[in-house]
Amino acid sequence: MSQIITTVGLSKHFGSLKAVNNVNIAIKEGSINGVIGPNGSGKTTLFNLLSGYFLPTEGTIYFQGEDITHLTPQNRVVKGIGRSFQLVSIFPQLKVYENMVLSVIRFLKRYKTGSRFYLSRIDANKEILNDCMQCLGMVGLEDKAQLRSGELSYGDQRLLEIALTVALKPRLLLLDEPLAGLGDVEISFMLELLQRIKKDFTMVIVEHKITKIEDFIDELFVMSQGFVICQGKPSEVLYTPEVRKCYWGEVD
C-alpha cells in the first residue's frame, strides 16, 4: 500500500509556542486513520498544515510524492485534499442545494471563471441539480434541499458539510471532529455514513470520542504538546503507558 501523504520534520510555532513539533507521519492510501490527544495537543493545527490554512515554520509535506508545502488551500483541493472543520462551515443564508452547487461545479471547465458562474441559471441546469441531489441523498438530506441551511439542526449541518467535502471528490478526506456536538442517534448515523463511504477515500479523523472510532480506524496517532507520542493499531496504542499517562495521569 503506497503512501498518499507524508510529513518530514513538520513544525508550526506561534512565538514561543510550538503547536506542532517535528511531526513525521506517513498515511497509507486507502487507510482510515485517527488523530487523538488532549485539548491543545496540536491536532487541529496539524490539519491546518496539511490542508494549507497554515504554512509550516519548518518541515515538508508531500502529497502523492509531490512537495505541496507552500501550496494554497484551493490548490490542495485541486490536487485532491478535502477537509471539514471543528465548527460547521456552510453558507447559512443559502438553501441546502445552493450550498452543494458551489462544490459540484468546482471542477466543471465551463464554470472556471466567476462571470460564467454568476451569469448562469444554475437552478435550471438539470445535470448540476441531479449531482447536488445525489450528494444530498448520500447523507439523507435530499428532502431538505429547499430549506435554508441555517434552519437545519446542528447534526444536519454537520452532514451537509460532509456532503460538501465529498462532492469535491478528494483523494484524502480530513475530518476534524465530525462527531462533535452530536447526540447518540446522530453519532450512529454519522458512523454508518463514514462506514459506507470509506472505501472511496483515504481518511484522517480528529476525534475526542475515542471509543466511537476505535473499531473504525486502521491506524491511530496520539498527539501531546505538539508531538506525535505514539502511533499504531488502536487496540495497542490506547493501552500503552505513555498514552494512558497523557489522558489519565499516572497509571500503574
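Begin by selecting Lys 43, Thr 45, Leu 46, Phe 47, Asn 48, Leu 49, Leu 50 and Ser 51, which are the buried residues of α1, where buried means under 20% relative accessible area, as against over 50% for exposed and partly exposed in between, with a 1.4 Å probe and protein chains only. They belong to a helix of residues 43-51 that is mostly covered, with eight of its nine residues buried; helices here are DSSP runs of H or I of at least four residues, numbered from the N terminus. Just after α1, select Gly 52, which takes a positive phi of about 95°.

The model on screen is predicted, and local features need pLDDT of at least 70, side-chain atom pairs count only at pLDDT 80 or more, and totals for chains, interfaces and linings use all residues. Residues are numbered from 1 along each chain as its sequence is written, and side-chain values use heavy atoms, with hydrogens and water left out.

Next, select residues 154-167 and 184-197, which are helices α6 and α7, packed at an angle of about 15° with their axes 10 Å apart; the axes are lines fitted to C-alpha atoms over the stretch in contact, and angles run from 0 to 180 degrees between N-to-C directions. That angle makes α6 roughly parallel to α7, a term for angles under 35 degrees. To see where they touch, show Gly 155, Arg 158, Leu 159, Ile 162 and Val 166 in α6, which meet Glu 186, Phe 189, Met 190, Leu 193 and Ile 197 in α7, contact being heavy atoms within 4.5 Å.

Is Val 139 buried or exposed? At 0% relative accessibility, Val 139 counts as buried. Leaving aside neighbours within four places in sequence, Val 139 is in contact with Leu 159, Ala 163, Phe 189 and Leu 193. The C-alpha atoms of Val 139 and Met 190 are separated by 8.6 Å, although these residues lie 51 residues apart along the chain.

Finally, select Met 100, Leu 136, Leu 160, Met 190, Leu 194, Ile 197 and Met 203, the residues with the most contacts inside the largest nonpolar core, which has 47 residues; such a core is a set of buried Ala, Val, Leu, Ile, Met, Phe, Trp, Tyr and Cys residues joined through side-chain atoms within 4.5 Å. Helix α6 gives the most to this core, with seven residues. A second, separate core of 22 residues includes Ile 4, Leu 10, Val 23 and Ile 27.

Key: Helix = DSSP H or I, 4+ residues; strand = E, 2+ residues; numbered from the N terminus. Parallel < 35°, antiparallel > 145°, perpendicular 65-115°, else oblique.
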